[in-house]
Amino acid sequence: MDSSPNQDAEFFYPSQQIVDNAIIQDYEALYKQSVDDPQAFWAARANELEWAKKWDKVLDDSKAPFYKWFTGGVTNIITNAIDRHLKTAHKNKLALIWEGEPGDSRTFSYFALNREVSKFANVLKSLGVRKGDIVTIYMPRIPEMVFAMLACAKIGAGHSVVYGGFSVEALAARIEDAQSKVLITADGGWMRGKIVNLKEIADEAMSRQPTIESCIVVKRTGQSIYMEAGRDYWYHDLISLPIASPNCPTEPMDAEDMLFILYTSGTTGRPKGIIHTHGGYMVYTYTTFKYVFDIKEEDRYWCAADPGWITGHSYIVYAPLINGATSFMYEGAPNHPYPNRWWQMVEKYGISILYTSPTAIRGLMRFGNAWANRHDLSSLRLLGSVGEPINPEAWRWYYTVIGKERCPIMDTWWQTETGGFMISPLPVTPLKPGSATKPLFGIIADVVNEEGHPVAAGEEGYLVIKAPWPGMLRTIYKDPERYQTQYWGKYGNMYQAGDSARKDKDGYIWVIGRIDDVIKVSGYRLGTAEVESALVSHPSVAEAAAIGLPHELKGNAIYCYVILKAGVDKNDKLAEELRQHVGHEIGPIARPEHITFVDSLPKTRSGKIMRRVLKARAQGLPEGDLSTLEE
Ligand code: WTA
């Protein structure tokens, strides 16, 4: 994989037609205005949306880094994502077009979406869900997943979505942290022609974490599953009850009230519950989506991520709806039954904006050009990339074979914590393959050294954000101290992203990758600590270390070093068993690429595993400063 940034790369310029039709034609001017007076900029964006009561203060920084936005303001993200569209011509516009992996399809106008969400919101209320509760959602990519998220938001409950590719322990740990009483799941989902047994996994997770009182199950596949009397209910039964009226008032929320919690991997220990709010997150996702994807009334937009990750929360569910856009969602695998599945759907539905990950692009690229060339992709207008650095080779393929050199690629850098895009081109930005280009409006991004001083052009350093923004995380659930130390501890007044980057002579930012113990596998975010604790939960394992190493297709792959308990035999069968065990506990995406049995691990004198040394050794690179290594 060619991942070395070519900072002198030639520019790719957008066509005159794209420039002429773009919402923002002069990035520099608006950027300057936005950072000179960010509060005025954000107030103007917030004023484009509906509020039951306007805010008293745009930004309250009196308790930094616990920043608050639009304090005193009252709204609900649903007021803007659904309710306001019912009063306009958007009422009968399609909000969601969905296709299942077997080829079934369903569509929902804004009117229909409101009906489904309201009915389900009433069901949740009747099950005792109240404002401030956290409901856990563990579902395949089907419309009911979107309804469930929106229904929670509508009644003021927080949702905690657990990605459907996660497994027992990952789900149990998240249920436990959130103390959820209600779980929404399905009898399964289709993936690569097979059923993912979500309910079976949910059953095992519920037996480990018995906080769940009601489990709502959507019938997706029809396969027979276990239903526990008094705990498990079918979704279709509940929404047929008289209680499930299609009228449900939207709960007025304080701008700073929690909208959702989304668990993500951090440097150490358990996943962190990242908190986002109704007010700031709404304004931020609305604005970034509108400007970066330059959204037009007639667009058909497809974000191919899963709603279970932040990309899906912000840019499948909330931002497109707030903007009154039409979104497409697909349930299954990109190459099922054949590698033309995606291109076939682009043609069939007339997709105009496609947003996906470098891993997906590399995966489809490997099947060659003919699969894409079979289809009419002329509806495409813009492309997007997210989740990991895009290598120039994949960028060029995406640009040439999919976009026919007509469609600019929006390489968006951001994080679960940032809520929305932070560094990204606009359609008018001259592009360099592999660079996310420049910070968006109101965002001051820089690359600094250990002391917090900007590094010279082209030099590697820490990626930081120098001012607060409305979409930022507010805290880590139940752990404000960790929020403060993790993101603001190093420099005090700058947000530390956890990525390394370079800024070139043109001010373009090239993100290199994580500098902590987070591994991006196929764009999915995992922590070494989670993989290690899954390994040591196996009876044969005494100690384990996990690292990420470069992988041609996945970006990074997980490699593990394991010390077995005394008397346990090292063999290939056990290595395979351990890989499966990690898959069962966390999920197939966390299954290690390779397991090596060792007798010791490099550690500091204080007992911390030196993953950096393991990584260097595995790649045959210099091991660097070993002064803290225990003999
Ligand atoms: C990485 C995903 C390079 C980065 C939205 C970040 C990227 C982490 C890009 C956050 C990009 C995301 N170029 N790297 N365009 N987008 N990343 O929380 O390392 O799942 O810190 O959010 O993904 O991952 P997360």
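Start by selecting Asp411: a polar atom in its side chain lies 2.7 Å from a nitrogen atom of the ligand, a polar contact (a pair of N or O atoms within 3.5 Å; within protein, one must be able to donate a hydrogen and the other to accept it, and residues adjacent in sequence count only if both atoms are side-chain atoms). Keep in mind that this is a predicted model, where local features need pLDDT of at least 70 and side-chain atom pairs 80 or more, while totals for chains, interfaces and linings use all residues. Residues are numbered from 1 along each chain as its sequence is written, and side-chain values use heavy atoms, without hydrogens and water.

Next, click Gln415, with a side-chain N or O atom 2.9 Å from an oxygen atom of the ligand. Then go to Arg514: one of its polar side-chain atoms is 2.8 Å from a ligand oxygen. On its own the ligand exposes 520 Å², and the protein buries 97% of that (Shrake-Rupley method, 1.4 Å probe).

Now for the rings. Select Trp51 and Phe70: their centres are 5.5 Å apart and their planes at 50 degrees, so this pair is tilted (rings of Phe, Tyr and Trp, its six-membered ring, pair with centres within 6.5 Å; planes under 30 degrees apart are stacked, over 60 edge-to-face, the rest tilted). Both Trp51 and Phe70 are buried (under 20% relative accessible area, 1.4 Å probe, protein chains only).

Move on to Phe108 and Phe147, an edge-to-face pair with 5.0 Å between centres and 85 degrees between planes.

Conventions: Buried < 20%, exposed > 50% of the residue type's maximum accessible area, 1.4 Å probe, protein only.
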